[in-house]
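My notes follow, entry by entry.

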Amino acid sequence: MQVVVFPSEPSHYDLIRSMGTDAEQGNGFLRCYITPDELRQLSGKGIPYEVEIENLNAWSASFGSRGVPSGYYTVSELDEIADSLATNFPEICSREIIGIATGFSNIYVLKISDNVGEDENEPEILFDGGIHGDEVGGPENMIRFARDLCLGYNNDPYITGLINEREIFIIYCLNPYGRNNMTRYNQAWVDINRDCGYMWNAEGNSPSAFSQPETKALRKIMTENQFVMHLSYHSGTEYISYPWSYRQAPTPDAAQHNFLASRYAAVSGYTSIPYGQGFTGMYAINGSTKDFGYGALGAISWSVEISLSKQPPASQIVPYYLKNKQSMLEMVEYSGYGIRGTVTDANTGEPVPATIYVNNMFPVHNDPVAGDFHKFLVPGQYNIKVIANGYEPATEYSVPVTDRSVATVDFVLQPAPSHYARRIISCRIPGNNPADEGFTPAATGPPDNVRYSIGRYGWVVLDMGTPVADAEGADITVHENDATPEGYQVFAGSSMDGPWVLLGSGTGTISFDLASGGLPEAQYFKITDDGDGTAQVSDAGFDLDALEAMIPAPPPPDTTGWIEGIVYSPFPLFEPVADAEVYTGIYTTFSDNAGRYRIQADTGYVKLCAEKQSENFYKCDTVYVASGDTTNHNLYLDMLERANPGEPAMPCIMPNPAGNSTVLLLPKLTADATLILTDLSGRIIARLRRDGADTIVLDLSPYNPGIYLLNMKYPDGSVTTQKLIIIR
Ligand SMILES: [Zn+2]
């Protein structure tokens with residue numbers, strides 16, 4: 001049954017907690033999901049209560065047949081709006097399936113950013129709603145926020161700036177089954193907000209850490225991206241709840257959490273909305289999204305409770321959204337303040353996957369693709385240490401951070417053999433251990449005599465970042481380096497969820513061989529305590545200092561070289577051209593005042609291009625680059641051909657007229673243009689995605705013979721048009 005109780009003293013809270021029941025904190029009350037027997041215990045203690053729903057099963061079953069309350073979007077309506085945003089704003093909005101929920105609905109994420117198809121060097125922020133299906137306001141907020149962002153692009157300068165400078169991810173309905181059937185739970189009757197793996201403790205019917213497809217989908221998007229902030233929307237009270245939820249001690253990032261929550265509250269439309277740590281301000285829970293977001297990934301990860309009622313009347317949907325909209329925008333803005341930078345290889349300039357430790361806070365990770373990291377910090381001076389497998393660590397001391405701004409610190413690392421655990425995926429200390437500090441990051445990086453005590457019968461799953469291969473002899477060393485060595489078992493797996501293969505057991509610092517588990521390689525390792533000793537004392541259970549791969553991953557091979565030379569203007573002058581953009585593959589540079597350039601390039605035959613946009617000069621050559629060598633090559637630019645000089649560049653269509661296919665050659669001058677194919681009446685036949693390519697092969701077979709128009713639309717509003725003729 002669903003009961004609201006009004007506890008007034010600590011013993012009341014202790015009794016409720018001892019029941020191991022689900023409960024949510026309201027303002028001066030707790031909403032509990034309990035059995036009639038448990039209610040008798042509460043009333044026996046004289047705790048006042050009100051029964052809200054007598055029979056939850058019957059209630060949710062009746063709701064199931066009624067569906068979503070009238071005036072609220074159904075899941076399929078939410079999907080339709082999301083789809084229309086991705087269709088109508090393809091340059092800034094994409095929609096992707098991140099999992100299939102219980103009940104076989106897709107779980108989608110919307111990404112809203114400029115160059116939406118690329119993972120750019122920009123701070124990332126995640127919003128989600130509907131994790132508890134009966135808390136109907138979250139998805140309503142999410143889909144309206146997505147729509148306002150898309151509609152605001154190029155109309156509202158603040159929103160346009162945020163979309164250009166940030167990557168905004170929105171999971172508008174994380175638990176579609178719960179929404180369709182108006183239940184807190186998913187179809188397996190599991191509370192997804194107890195199923196996350198960081199300090200998981202078997203609450204909310206969760207059978208194991210990350211057991212549910214909804215939780216796995218959230219984990220996927222959170223581990224494949226690097227969110228500065230993650231805000232998860234709930235209702236049933238009004239409160240901003242930050243980590244920890246599982247323990248009373250504040251996080252080392254409490255200053256960041258508290259500052260941002262105070263901003264959220266101040267900018268919001270609530271007369272006052274309280275905020276604080278989940279454990280103290282709400283109720284102690286394990287397996288929450290926010291403890292995973294912060295504990296494993298270092299994100300500023302919250303629950304935002306937007307309305308006292310889980311299902312306010314439909315007339316309140318928009319008012320509640322508007323109370324939060326400005327705060328949501330402001331959090332997007334603030335996700336770009338603090339520190340940012342890239343981590344790259346000193347020899348190749350390539351991004352290096354790294355873990356970034358700021359003072360004693362829980363670390364963040366950089367993007368392996370763009371190499372960028374971002375972390376919000378309140379004003380102060382910070383020491384930033386970067387640890388990456390295959391490289392020497394690097395530290396930057398006393399980096400000043402000021403209000404509403406960002407300090408950029410780029411790290412260029414020297415290769416050196418090393419391979420240690422890069423991050424924590426999941427962990428459990430049965431029944432929790434408040435007597436220990438629970439500092440899981442101690443288990444990442446090289447041995448340093450700072451240890452994470454995994455708890456009596458506790459376990460931890462670590463990610464080595466890249467697979468460890470089975471070689472001759474031992475492959476992995478578990479470091480304890482402790483005066484009182486303790487017992488444990490080591491398992492290996494090739495996924496975050498196993499299956500776990502036992503490598504062996506030991507005491508203290510010991511090495512293990514993957515061959516003993518019959519595995520050719522493994523990236524994830526699970527260490528479990530042997531159960532000796534006492535549970536709720538400091539240093540309970542095995543004390544893990546580090547996990548080390550014996551044969552470190554070799555530094556990446558040198559797959560790049562250099563090209564240098566001079567850029568000359570077209571015939572007949574052949575004068576050196578300053579400030580010409582020179583590019584090959586992912587590398588770009590500009591010529592100096594003497595027309596000289598030097599650029600990195602992949603080895604082999606590469607396409608080297610240069611252009612001077614203001615002069616309409618352009619040229620591409622093919623150049624051979626040897627590994628580690630410098631190739632000399634001068635570039636003689638051509639005057640770009642165009643119908644009317646001064647007009648924006650045009651693509652070249654070959655052949656034209658065409659039969660079943662043709663090729664568009666696109667000069668880089670057209671990079672920011674959108675390509676749209678229409679018929680003569682202006683009806684859109686196709687939008688062409690170029691994704692950075694300079695040629696597009698156009699399949700014309702679906703279209704009837706006739707005359708079509710290829711339109712290039714530029715950001716300044718100008719449009720150029722070319723005829724494309726199809727004959728067969
Ligand atoms: Zn909730």
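In which hand of crossing does H4 pass H5? I found a left-handed crossing there; the term applies if the near helix is turned anticlockwise from the far one by less than a right angle, while clockwise is right-handed.

**Ground rules.** I am working with a predicted model, where local features need pLDDT of at least 70, side-chain atom pairs count only at pLDDT 80 or more, and totals for chains, interfaces and linings use all residues. I number residues from 1 along each chain as its sequence is written. Helices (H or I, at least four residues) and strands (E, at least two) are DSSP runs, numbered from the N terminus.

**H4 with H5.** I looked up the packing of helix H4 (residues 75–88) on H5 and got an angle of about 15°, with the axes 10 Å apart. Axes are lines fitted to C-alpha atoms, for helices over the stretch in contact, and angles run from 0 to 180 degrees between N-to-C directions. H4 and H5 are therefore roughly parallel to each other (under 35 degrees is roughly parallel, over 145 roughly antiparallel, 65 to 115 roughly perpendicular, and the rest oblique). Leu 78, Ile 81, Ala 82 and Leu 85 of H4 make the contact with Pro 139, Ile 143, Ala 146, Arg 147 and Cys 150 of H5; contact means C-beta atoms, placed from the backbone, within 7 Å. I sorted the residues of this contact by class and got eight nonpolar, no polar and one charged (Ala, Val, Leu, Ile, Met, Phe, Trp, Tyr, Cys and Pro count as nonpolar, Asp, Glu, Lys and Arg as charged, and the others, Gly among them, as polar).

**H5 with H12.** Next I followed H5 (residues 137–152) to helix H12 (residues 317–334), where the axes come within 9 Å and cross at roughly 60°. That makes H5 oblique to H12. The crossing of these two, H5 and H12, is right-handed. On the H5 side I noted Gly 137, Glu 140, Asn 141, Arg 144, Phe 145 and Asp 148, which meet Ile 317, Tyr 320, Tyr 321, Asn 324, Lys 325 and Met 328 in H12. The contact of H5 with H12 has five nonpolar, three polar and four charged residues.

**Leu 218.** Is Leu 218 buried or exposed? I found Leu 218 in helix H8 (residues 213–224), and it is buried, with 30 other C-beta atoms within 10 Å. A residue is buried if 20 or more other C-beta atoms lie within 10 Å of its own, exposed if 12 or fewer, and partly exposed in between. Leaving out residues up to four places away in sequence, Leu 218 touches Leu 174 and Thr 289.

Most residues other than glycine have a negative phi, and most peptide bonds are trans. I logged a cis peptide bond between Pro 243 and Trp 244, with omega about -5°. Trp 244 sits in the loop between strand E10 (237–242) and helix H9 (254–267). I logged a cis bond joining Gly 498 and Pro 499 too, with omega about 0°. Asn 449, not a glycine, has a positive phi of about 65°, and I count it as exposed, with 10 other C-beta atoms within 10 Å. Phe 574 has a positive phi near 50°; with 13 C-beta neighbours inside 10 Å, Phe 574 counts as partly exposed.

**Whole chain.** I end with the totals: the chain has 12 helices and 46 strands, and 45% of its 728 residues count as buried.

Note on methods:
Two residues are in contact if their C-beta atoms, placed from the backbone, lie within 7 Å.
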